[in-house]
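Me: Can you walk me through this protein chain? Keep it short, please.

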Amino acid sequence: MLNINAIAPEELTEESKFKFRCYPGISCYKSCCKNIDIMLTPFDIMRLKNRFGISSGEFLMKYTYVFIEPKSGYPFVFLNKNDDEEKTCPFLCEAGCSVYEDRPATCRYYPIGQVSLKKFDFTDGITEEHYFFVKEPHCKGFNEDREWTVAEWRKDQGVDLYDDMNRGWKELFFKRNLKPERLDERKAKAFYMACYDIDAFRRFVFESRFLQVFDVSEERVEKMKKDETELMNFGFDYVKFLLMIKETMKLKHS
């Protein structure tokens, strides 16, 4: 998990400025890739499993573990660490990150952290994004002269795309019903499949009676067949419906 002591007590906006640079040769290079818990988003998993040319199920089994949040029952996927003294990232190599072009959103944001919030109003979805510094003792990047705004950093690191792709997933955590309700095992398994195991979700949609039960337009069905991100977003809608967060789907009339 994120070390709470590393969070700087300063709220940032996209216009906030800071100095930072990370590069091969800096004394702390690769230190941030050791003994850290990296939570993976649905888009992270999609990018990485496609990079390796394996199914989402294979990727999840080989590289991840699941943490069930005790109060809510929500499943979260974390990247395994190597079984070595420094508990290194499995994708760390001598030169640095071996999956740099497809690295997770958490790695792209570093040394910035992000929190998505929803105001208690009638607005659908995320209405506020907040940012903060992650200042760990080993990191020397803040001593460099390269200046950024948070917005410039997000664009440079390509995290804008990741935020767009994961927005529907984040919205799953903003229930309209404020009464605490823990997911039962069946719903937790459906959540996990629809959000993280996209290849299993594809089989569920197209090889079961799913499309006979739910009224899904032919246009959307064709988009999901051709575009994996469309299927991913459909998965988010399915979970919203399943958890009664929003009426995103309709049953066919018998």
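**A chat about the chain**

Reply: Start with a polar contact of 2.7 Å, which joins the side chains of Asp102 and Arg51. Keep in mind that this is a predicted model.

Me: OK. Where is Asp102 found?

Reply: Asp102 sits in the loop between β6 (96-97) and α3.

Me: Is Asp102 buried or exposed?

Reply: Asp102 is buried, because its relative accessibility is 12% and the cut-off for buried is under 20%.

Me: What else is Asp102 in contact with, leaving aside neighbours within four places in sequence?

Reply: Apart from those neighbours, Asp102 touches Arg47, Leu48, Arg51, Arg108 and Tyr162.

Me: Which residues of α1 and α5 meet?

Reply: From α1, Pro42, Phe43, Asp44 and Arg47 take part. From α5, the partners are Leu161, Tyr162, Met165, Asn166 and Trp169. By class, this contact has six nonpolar, one polar and two charged residues.

Me: How do the axes of α1 and α5 cross?

Reply: Helix α1 covers residues 42-52 and helix α5 covers residues 159-170. Their axes come within 8 Å and cross at roughly 120°.

Me: Why are α1 and α5 called oblique?

Reply: The crossing angle is roughly 120°. Roughly perpendicular ends at 115 degrees and roughly antiparallel means over 145, so an angle between those limits counts as oblique. The two helices are therefore oblique to each other.

Me: New topic. Where is Arg154?

Reply: Arg154 belongs to helix α4, residues 150-156.

Me: Is Arg154 buried or exposed?

Reply: Arg154 counts as buried, at 8% relative accessibility.

Me: Which side chain makes a polar contact with that of Arg154?

Reply: The side chain of Glu14 does, at 3.2 Å. Beyond neighbours within four places in sequence, the contacts of Arg154 are Glu14, Tyr109, Tyr131, Val159, Asp160 and Asp163.

Me: And His130, where is that found?

Reply: His130 is in strand β8, which spans residues 128-133. Its side chain makes a polar contact of 2.8 Å with the side chain of Glu11.

Me: How far apart are His130 and Gln114?

Reply: In sequence, 16 residues separate His130 and Gln114. In space, the C-alpha to C-alpha distance is 5.7 Å.

Me: Let's look at the backbone. Which residues does a cis peptide bond join?

Reply: Tyr110 and Pro111, with omega at about 15°. Pro111 lies in the loop between α3 (105-109) and β7 (112-117).

Me: What about Asn35, what is its phi?

Reply: Phi of Asn35 is near 50°, a positive value in a residue other than glycine. Asn35 lies in the loop between β1 (17-19) and β2 (39-40). At 57% relative accessibility, Asn35 is exposed.

Me: And what is phi for Met244?

Reply: Met244 has a positive phi of about 60°, although Met244 is not a glycine. This residue is in the segment after α10 (228-242). With 64% relative accessibility, Met244 counts as exposed.

Me: Zoom out now. How many helices and strands are there?

Reply: The chain has ten helices and nine strands. Of its 254 residues, 44% are buried.

Me: How much of the accessible surface belongs to carbon and sulfur atoms?

Reply: 51% does, out of about 14600 Å² for the chain.

Me: Last one. What share of contacts joins residues 24 or more positions apart?

Reply: Such pairs account for 70% of the contacts with a separation of 6 or more.

How values were computed. Residues numbered from 1 in each chain as written. Predicted model: local features only at pLDDT ≥ 70, side-chain atom pairs only at ≥ 80, totals over all residues. Heavy atoms only, no water. Axes fitted to C-alpha atoms, helices over the stretch in contact; angles between N-to-C directions. Helix = DSSP H or I, 4+ residues; strand = E, 2+ residues; numbered from the N terminus. Parallel < 35°, antiparallel > 145°, perpendicular 65-115°, else oblique. Contact = heavy atoms within 4.5 Å. Nonpolar A, V, L, I, M, F, W, Y, C, P; charged D, E, K, R; others polar. Buried < 20%, exposed > 50% of the residue type's maximum accessible area, 1.4 Å probe, protein only. Polar contact = N/O pair within 3.5 Å; in protein donor to acceptor, adjacent residues only side chain to side chain. Areas by Shrake-Rupley, 256 points an atom, 1.4 Å probe, with all protein chains shown as cover.
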